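Here's a quick tour for anyone meeting this structure for the first time. Have a look at it, then read on.

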2 protein chains.
Amino acid sequence: MRISELGRRSGVPITTIKHYLREGLLPPGRATSATQAEYGEPHLRRLRLVRALIGVRGLSVDTTKELLRAVSENETDTHQLLGLVLGARPATGPGPGTVAVDADPDPDPDPDTTTATTADIGTDALLTEMGWSVSEHAPAKEVVATTLETLRSLGMDYDWRSLVPYAALAERTAALDLDQLTETADPLERAERAVLLTVLLEPALLALRRLAQEDESAKRYGTG
Amino acid sequence: MRISELGRRSGVPITTIKHYLREGLLPPGRATSATQAEYGEPHLRRLRLVRALIGVRGLSVDTTKELLRAVSENETDTHQLLGLVLGARPATGPGPGTVAVDADPDPDPDPDTTTATTADIGTDALLTEMGWSVSEHAPAKEVVATTLETLRSLGMDYDWRSLVPYAALAERTAALDLDQLTETADPLERAERAVLLTVLLEPALLALRRLAQEDESAKRYGTG
């Protein structure tokens with residue numbers, strides 16, 4: 001299809017599509033003349049994905065580009081791919097056709113010289129309690145530690161033990177997530193689903209919690 | 001305590017505290033002279049809460065102000081309070097000491113004249129399936145509908161039925177949330193906990209899901 005049809009079918013303005021093409025967010029079409037190119041269904045699909053990541057989730061062009069590059073480079077390794085999508089591993093590995101110069105088998109930085117906070121220790125205790133094996137520098141660990149730190153600074157009686165039942169529910173949520181991935185055989189489709197399920201479902205999961213809270217609150221305290 | 005001690009104990013700069021006082025985010029201290037005021041433990045606690053809402057969660061001064069006003073006006077009605085915190089009810093009710101002029105028992109707007117989308121219908125179907133009773137205009141409903149709409153526009157085979165198991169887990173999460181509220185007897189403390197548990201725990205819950213995904217992924221696809 002021509003770029004005009006791509007625009008019509010995706011609902012994305014032509015100028016935006018051209019911007020995505022220049023930024024490399026969308027692979028170039030097949031040139032049919034000096035000024036025209038032909039696009040296919042994969043372009044349409046990729047365009048919608050880019051639109052969702054940038055427009056719906058508010059990711060930057062650079063973050064989106066990095067995520068998409070990682071997806072296409074790791075499409076056969078589901079675990080590696082998930083690691084990239086979850087932000088647990090650096091998304092700056094060598095591209096296809098390049099040679100990895102630094103083959104250091106232990107890319108971890110030197111042991112932390114900063115003092116571990118109570119919240120860091122609490123986060124590690126939570127992971128141990130759950131028996132979870134995750135990357136040492138997973139960004140999500142910091143999020144948990146920051147939350148514990150914040151609640152503590154507010155004088156709340158809240159430590160990692162309070163999070164254990166939440167973590168148990170998160171474990172069941174993650175199992176649901178992964179079940180939905182394995183239903184897909186095509187590696188690129190699985191990669192896209194991984195992005196969508198981790199990133200796009202987040203606001204919906206929080207929204208479901210709020211709706212459930214409202215319902216639970218009505219049941220416990222409602223006056224009719 | 002003097003404002004200087006309030007600053008030292010909270011870690012918030014004096015200029016920021018003065019800004020919060022001017023904005024009404026923090027109640028004035030007890031004047032001890034023309035230029036000095038005395039602050040108590042409640043100020044310290046409120047200051048930390050404001051700091052968490054603005055600094056950690058990135059709420060605007062206006063949103064924070066509205067939330068705090070709603071909290072102090074509804075501190076005896078837990079369900080009403082939760083509704084406000086969840087954004088399900090307008091936070092612009094009459095303040096204490098004012099008289100409600102408009103006593104219309106049905107403050108809902110006229111029936112929607114816009115056409116319900118497939119995603120809206122799906123969201124209602126999900127709520128019915130779960131047996132949840134929530135406000136007709138709860139913002140979280142729109143979030144669910146938008147997510148369904150986005151996934152559909154990406155050509156994914158994903159409808160409200162896919163969310164049912166997630167909703168069941170959200171129900172259990174909400175029960176945990178409410179359990180932690182009822183442990184608190186003091187109404188203002190309960191109000192603060194409601195804000196903290198709904199707003200501040202959100203990033204931690206998403207982080208737990210990501211950590212659990214990484215662990216689950218390692219178990220299913222890991223190569224050692």
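Let's start with Leu211(A). Leaving out residues up to four places away in sequence, Leu211(A) touches Trp132(B), Val134(B), Ala138(B), Ala140(B) and Lys141(B). Touching, or being in contact, is about C-beta atoms placed from the backbone: two residues count if theirs lie within 7 Å.

Leu211(A) also turns up in the largest nonpolar core, which has 98 residues. The members that touch the most others are Ala170(A), Leu208(A), Leu211(A), Leu208(B) and Leu211(B). A nonpolar core here is a set of buried Ala, Val, Leu, Ile, Met, Phe, Trp, Tyr and Cys residues joined through C-beta atoms within 7 Å. As for burial, a residue is buried with 20 or more other C-beta atoms within 10 Å of its own, exposed with 12 or fewer, and partly exposed in between, again with C-beta atoms placed from the backbone.

## About the model

This is a predicted model, where local features need pLDDT of at least 70 and side-chain atom pairs count only at pLDDT 80 or more, while totals for chains, interfaces and linings use all residues. Residues are numbered from 1 along each chain as its sequence is written, and chains are lettered from A and ligands numbered from 1 in the order in which they are written.

## Where the chains meet

How many residues of chain A are in contact with chain B? There are 65, and they meet 65 residues of chain B. Helices H3 (41-56), H5 (78-85), H7 (139-153), H8 (160-182) and H9 (187-221) of chain A each supply at least two residues of that side. H9(A) gives the largest share, 23 residues. Helices (H or I, at least four residues) and strands (E, at least two) are DSSP runs, numbered from the N terminus.

## How the copies are related

Turn chain A by 180°, with a shift of 0.0 Å along the axis, and it can be laid on chain B with an RMSD of 0.1 Å. In chain A, Leu169(A) has the C-alpha nearest the axis, 3.3 Å from it. Both copies use the same surface, as 100% of the contact residues of chain A recur in chain B.

## Chain A overall

Chain A has nine helices and two strands, in the order α-α-β-β-α-α-α-α-α-α-α. Of its 224 residues, 38% are buried.

Notes:
Copies are superposed by least squares on the C-alpha atoms of residues with pLDDT of at least 70 in both.
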